[in-house]
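Please read the points below alongside the model.

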Amino acid sequence: MMRFLSASTRMLVCGVTLCVFATPTFAADEYDYDLVHSSVSFKARHLDISWIHGRFNDVAGKFSIDREDPSKSTFSLTIKTDSVDTANEARDKHLRQPDYFDTKQYPTIEFKSTSTKKIKGGYEVTGDFTMHGTTHSITIVLMGGKEHTFKDVKRVAFSTELALKRSDYGFDKNAIGPIGDEALIMIDCEGVRK
């Protein structure tokens with residue numbers, strides 16, 4: 001059939017064919033949690049008159065960002081409970097005991113997304129949050145998602161805040177009182193593309 005087409009028509013057909021086969025397939029970008037430029041911190045009321053602040057120093061995670069189909073994006077985070085740090089060694093040692101985090105029996109706090117929805121300024125992410133051996137489905141709002149390439153390394157960043165009640169996760173009720181039941185968790189994280 002090609003011999004019956006003019007030269008210009010053959011070039012057009014070939015061009016269209018090349019364009020069809022050259023159409024890029026968009027894959028999700030995979031990122032690792034950057035421990036150096038990220039933080040997971042928390043605060044809880046003390047005697048209902050002030051706040052105790054702390055953080056977890058050992059955190060890992062992975063993000064998969066699909067810009068073409070955000071519902072396919074996934075997020076996971078793992079926090080080592082024995083890395084709790086409130087700038088007071090005696091208190092940190094106590095927080096690792098069975099009446100608080102019980103770090104020997106429950107060495108990690110984990111979040112793994114089950115669904116993701118794009119919203120203005122970020123993502124609404126629902127997932128399974130496991131702490132102290134108890135799992136609940138929670139929804140968090142991740143603000144951000146802006147990408148930046150620095151020294152040939154592509155990065156993406158998010159932040160979120162959430163409030164959790166320790167009583168919902170099986171903590172010792174006798175330890176809830178001087179330190180309030182509700183804890184506010186603040187997560188600021190950067191991901192480094194693999």
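**Notes on selected side chains and ring pairs**

1. Ser38 is buried, with a relative accessible area of 9%, where buried means under 20% relative accessible area, exposed over 50% and partly exposed in between, for a 1.4 Å probe and protein chains only. The model is a predicted one, in which local features need pLDDT of at least 70 and side-chain atom pairs count only at pLDDT 80 or more, while totals for chains, interfaces and linings use all residues. Residues are numbered from 1 along each chain as its sequence is written, and side-chain values use heavy atoms, with hydrogens and water left out.

2. Ser38 belongs to the loop between strand S1 (29-33) and strand S2 (39-46); helices (H or I, at least four residues) and strands (E, at least two) are DSSP runs, numbered from the N terminus. A polar atom of the Ser38 side chain lies 2.6 Å from the backbone oxygen of Asp34, and the side chain of Ser38 also reaches the backbone nitrogen of Glu190, at 2.8 Å. Beyond its neighbours within four places in sequence, Ser38 is in contact (heavy atoms within 4.5 Å) with Tyr33, Arg55, Asp188, Cys189 and Glu190.

3. With neighbours within four places in sequence left aside, the contacts of Arg155 include Tyr31, His37, Lys146 and Glu190.

4. Ile187, in strand S11 (residues 179-193), is buried at a relative accessible area of 13%. Its C-alpha is 6.5 Å from that of Ser41, although Ile187 and Ser41 are 146 residues apart in sequence. Outside the four places on either side in sequence, Ile187 is in contact with Ser39, Val40, Leu77, Phe158, Ser159, Thr160 and Leu162.

5. How many aromatic pairs are there? The count comes to nine, under the rule that rings of Phe, Tyr and Trp (its six-membered ring) pair if their centres lie within 6.5 Å, with planes under 30 degrees apart counted as stacked, over 60 as edge-to-face and the rest as tilted. The pair of Phe101 and Phe171 is edge-to-face because the ring centres are 5.7 Å apart and the planes stand at 80°. Phe101 lies in the loop between helix H2 (89-95) and strand S7 (108-119) and Phe171 in the loop between S10 and S11, so this pair ties together parts that are 70 residues apart in sequence.

6. Phe129 and Tyr169 form another edge-to-face pair, at 5.7 Å centre to centre and 80° between the planes. This pair links distant parts of the chain, with Phe129 in strand S8 (residues 122-131) and Tyr169 in the loop between S10 and S11, 40 residues apart. Phe129 counts as buried at 7% relative accessibility, as does Tyr169 at 2%.

7. Ring pairs also link Phe42, Phe56, Phe101 and Phe171 into a cluster. As for charges, Lys43 lies over the face of Trp51, at 4.5 Å from the ring centre, and the charged end of Lys118 sits over the ring of Tyr123, 5.2 Å from its centre; the criterion is NZ of Lys or CZ of Arg within 6 Å of the ring centre and within 35 degrees of the ring normal.

Methods. A polar contact is a pair of N or O atoms within 3.5 Å; within protein, one must be able to donate a hydrogen and the other to accept it, and residues adjacent in sequence count only if both atoms are side-chain atoms.
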